[in-house]
Amino acid sequence: MNIPRRKDLLSIAPLAREEIEQVLANAAHFKALFQRRVKKVPTLRGRHVLTLFYEPSTRTHSSFEIAASRLSADVTNFSVSTSSVVKGESILDTIETLESMQVDYIIVRHSASGVPSLIARHSKASVINAGDGWHAHPTQALLDAFTLREIWPDLTGRRIVIVGDLLHSRVARSTSTILHRLGAEVAVLGPGTLIPDTRWEWLQKFRTFDEVLRWKPDVVYLLRIQNERLGADPFFPSLGEYHRHFGVTDERFAHLAAEGVYIMHPGPVNRGVELVDAVMTYERCLINQQVENGIATRMACLHWLQPGDPAS
Amino acid sequence: MSISPPAPPPTILLDADGIEAAIGRLAAAIAQRHQASWPAFIGIERRGVPLATRVADRLAAVHPDRRPPQIGSLDISLYRDDLAALHTVPQLRGSAIDFDVDGAEVILFDDVLYTGRTIRAALDELADFGRPARVELAVLLDRGCRELPIHADYVGLAHPTSPRDYVRVRLRETDGADTATVGHKEITR
């Protein structure tokens, strides 16, 4: 298989299946390094990775930092709150600044969809989208796929239900896309206000958890409920109400555990909202594996991309 | 449109029998130097791995009384200095050394010794697994043209070439047949 390297990773949509397979296969080899005495390899020695997070993030940010440092790259955090961004510098001016710094990789998170691709079009650096608005979070999708493929090498016919706020979730968008492309059956469950009828026709849509349980999923993937969805114009009445209808309650957890259903969550978890405490110690709760696999997957992404002139 | 002249076929340096004989020479030389116990064998992916295995099999057949050599593999992809020059997604194979290399005697195996850069990378990676007491190098074919101060302790066949030549070793485990050939890059690309 000779697949040309990409400059940027902006979303899952343009990736061919073979390309996804190759990156996931490489990620397994990066994960094997974690068992070694020296966990670091010199692959990106002398290369520079810049992280540019316009939205707060602890785990994604540190996951990228660890991935870059285990590849021996130098890492600089372009700290947004202290930078001139807060002084009103435009994104394009920031890009000019970054270009002058001659970094090789830029990891971007932004609340507006499309900012990573804007930077990618103006920079020689390889750009990795670490989450943009409601659009995409491709490395989350890759690590989710990687985590499931450790359980089932072939996802064909496996049933995964994504529960929560599909409308505003870049995780749901990217993860459902990759799982579908790898042959899984993907369904969604959530409040009607957060699951648009008119989009994603290829996704099966459930309205109640009982319907989900009857469908016999292999995996329940819980999305984080963001408190801002409960603002002045709420999408659902309360967190308690959400938990009763769409959360993994004690009763539902007992049912899922009896069936051996796996549980995933991109983190950070709202205990008592998406799930009850007991889930966190459930042996088929994959949340910690997702975090560990995030590092290996992001190493595979940095190793895969090739900085260069932006395509016009 | 001009038609380029037919490329002269590459010269066969070793046929299947020649490869077997070269492996026999490696085994004999290793047996001569290591009279008490076998060092660990570590093959460099890809063809160094079947090479190490075949030499080990020879030694085990001749010395059934001795514990056969332990065999590991090194994929040096992550230790290369030319990732930026690769235009296709690199395929990793992974390294597998499931024994302790601290204090161990080790023989590295590779099919062709050329610039020495692969061996430099392999030594770097090996050092991340531990601190061997001693490291030797066995190669099926030494084609010369070193760019680093590296030499082989065991050589199946020495055949000096120029950088304009290409040398290709095929082994039945990885390529379906045993041969070693040399040709000219300009003509055959």
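**Entry 1: the largest pocket.** I began with the residue classes and noted that the lining of the largest pocket has 17 nonpolar, 8 polar and 16 charged residues, where Ala, Val, Leu, Ile, Met, Phe, Trp, Tyr, Cys and Pro count as nonpolar, Asp, Glu, Lys and Arg as charged, and the others, Gly among them, as polar. I kept in mind that this is a predicted model, in which local features need pLDDT of at least 70 and side-chain atom pairs pLDDT 80 or more, while totals for chains, interfaces and linings use all residues. Residues are numbered from 1 along each chain, chains are lettered from A in the order in which they are written, and side-chain values use heavy atoms, without hydrogens and water.

I looked up the volume of the largest pocket and found about 1300 Å³. A pocket here is an open set of points on a 1 Å grid over the protein atoms alone where a 1.4 Å probe fits, with protein on both sides within 12 Å along at least five of seven lines, and lining residues have an atom within 4 Å of a point; a volume is the space filled by probe spheres set on the points, which are joined across faces, edges and corners.

**Entry 2: a cis bond in chain B.** I found a cis peptide bond between E45(B) and R46(B), with omega about 0°. R46(B) lies in the loop between β2 (40-44) and α2 (48-62) of chain B, the helices (H or I, at least four residues) and strands (E, at least two) being DSSP runs numbered from the N terminus.

**Entry 3: the second largest pocket.** I read a volume of about 800 Å³ for the second largest pocket, which is lined by 37 residues, with R109(A), R170(A), R224(A), G267(A) and P268(A) nearest its centre. Why does this pocket lie between domain 1 and domain 2 of chain A? Both domain 1 (17-136 + 294-304) and domain 2 (138-291) give residues to its lining, so it lies between them; the domain bounds come from an automatic or database domain assignment. I also noted that α10(A) gives the most to this lining, with 6 residues.

G267(A) and P268(A) are joined by a cis peptide bond, with omega about -15°, and I placed P268(A) in the loop between β9 (262-264) and α10 of chain A.

**Entry 4: a positive phi.** I saw that phi of K216(A) is near 55°, a positive value in a residue other than glycine. K216(A) sits in the loop between α7 (209-215) and β8 (219-222) of chain A.
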